[in-house]
Amino acid sequence: MADKTIRIGIVGAGFARTTQIPGFKNCDGARIVAISSAHREHAEEVAREFDIQNVEDDWRALVARDDIDLVSIVTPVVTHCEMTLAALERGKAVLCEKPMAMDAEEALRMTNKARDAGLLALIDHELRFLPGRLKLRELLRRGDIGKVRHAKLTFRSDSRADPNRPWNWWSDKKQGGGALGAIGSHVVDSFRWLLDAEVSGVSANLATHIRERKDEKGEMREVTTDDEANLLLRFADGDLTEGATGNVSTSLVEPGKPEHRLEIFGSEGAFMIEESGELWQSKVGAGEWKRVEVDRGELAPGMRDVGWARGFTAFSRRIVEALRAGQTAVEGAATFEDGYRTQLVLDAARRSHESGCWAKT
């Protein structure tokens with residue numbers, strides 16, 4: 001099937017413009033056939049920019065097309081479940097943006113549907129494909145720092161610190177916005193994948209610092225989502241973990257130098273990896289970090305040079321290669337089952353925040 005072209009439909013014209021579309025256009029044996037958006041004018045603008053021939057008025061028309069093999073869903077979270085179920089029903093492979101769903105009940109419906117359909121169905125956790133993270137996973141499994149005792153993630157950005165930034169779906173809890181879903185889903189997936197251990201309990205504190213924003217009509221609307229999420233985690237014991245705990249600090253309203261740092265501490269040493277994939281190691285008693293040489297990975301043309309983009313450059317290629325080979329899985333990718341397991345943790349975090357107590361997943 002080396003000459004097969006994978007035909008792709010994109011649902012959403014926001015984040016897809018900077019990541020999914022450049023990534024897939026960089027893949028041999030792939031062609032973006034159509035795009036749709038809730039605002040047709042946005043879809044038309046993106047179609048002109050990337051020479052996409054077909055623009056559909058809504059996602060249902062795109063999913064119904066006979067000339068699409070893969071549907072990439074890059075839309076507000078509240079739409080993921082309905083779109084995914086419809087695409088799978090039509091026999092399309094699916095790449096769904098994270099977080100997977102509004103809650104674990106939706107995520108389970110999507111997971112069961114994908115399993116019954118026997119189709120490729122993945123969650124867009126592209127950081128798994130950064131060379132630095134792949135190397136980190138390999139070294140953890142080799143036992144280079146012994147048993148894992150603690151994992152820590154710090155994410156700092158001021159991308160939503162400007163109070164004049166307009167209100168949109170991201171500000172609306174009912175549409176699935178918020179830092180916990182947007183960043184927390186990546187964090188939980190990263191920990192599960194790296195440590196091969198489930199999160200067994202969570203204590204969470206969610207905060208909304210900018211409580212009102214102007215909508216597109218200039219009217220002030222309440223922000224019902226969190227722009228800061230702090231979590232304490234407990235991990236189940238496994239081959240790599242023993243009594244392991246986690247600490248997650250994420251904020252989208254913190255000025256200063258942006259930061260995305262993941263650290264894992266074990267009985268014999270520690271690893272630290274930056275957003276770009278730079279990997280560092282320390283041994284007990286060393287008192288310093290030493291650089292571990294890793295390749296940065298390829299960056300598709302038109303992408304901003306960040307780790308997410310380099311991760312998706314590699315991930316999109318693997319998706320296309322799998323579909324061209326008639327496969328229904330991509331080794332190392334986040335499956336719908338992974339998305340469901342992550343959603344259980346996010347749901348528990350929200351319960352914990354509301355109750356003020358630890359919650360089991």
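A charge is said to sit over a ring if NZ of Lys or CZ of Arg is within 6 Å of the ring centre and within 35 degrees of the ring normal. The views below show a predicted model.

**View A. Arg 234 lies over the face of Trp 358.** In this close-up, Arg 234 is placed at 3.8 Å from the centre of the ring of Trp 358.

**View B. The charged end of Arg 221 sits over the ring of Trp 167.** The distance from this charged end to the centre of the Trp 167 ring is 3.7 Å.

**View C. Phe 24 and Phe 312 form an edge-to-face aromatic pair.** The count of aromatic pairs comes to 4, and one of them joins Phe 24 to Phe 312, with 5.5 Å centre to centre and 85° between the planes. This pair links distant parts of the chain, since Phe 24 belongs to helix α2 (residues 20–25) and Phe 312 to helix α9 (residues 307–324), 288 residues apart. Phe 24 counts as buried because its relative accessibility, 1%, is under 20%, and Phe 312 is likewise buried, with a relative accessible area of 0%.

**View D. Phe 191 and Phe 235 form an edge-to-face pair.** The ring centres of Phe 191 and Phe 235 are 5.8 Å apart and their planes meet at 80°, which is over 60 degrees, so the pair is classed as edge-to-face. Because Phe 191 lies in helix α8 (residues 179–195) and Phe 235 in strand β11 (residues 228–235), the pair ties together parts that are 44 residues apart in sequence. Both Phe 191 and Phe 235 are buried.

**View E. Four Phe residues form one aromatic cluster.** The members of this cluster are Phe 24, Phe 129, Phe 312 and Phe 315.

Definitions and conventions:
Residues are numbered from 1 along each chain as its sequence is written. This is a predicted model: local features need pLDDT of at least 70, side-chain atom pairs count only at pLDDT 80 or more; totals for chains, interfaces and linings use all residues. Side-chain values use heavy atoms; hydrogens and water are left out. Rings of Phe, Tyr and Trp (its six-membered ring) pair if their centres lie within 6.5 Å; planes under 30 degrees apart count as stacked, over 60 as edge-to-face and the rest as tilted. Helices (H or I, at least four residues) and strands (E, at least two) are DSSP runs, numbered from the N terminus. Buried means under 20% relative accessible area, exposed over 50%, partly exposed in between (1.4 Å probe, protein chains only).
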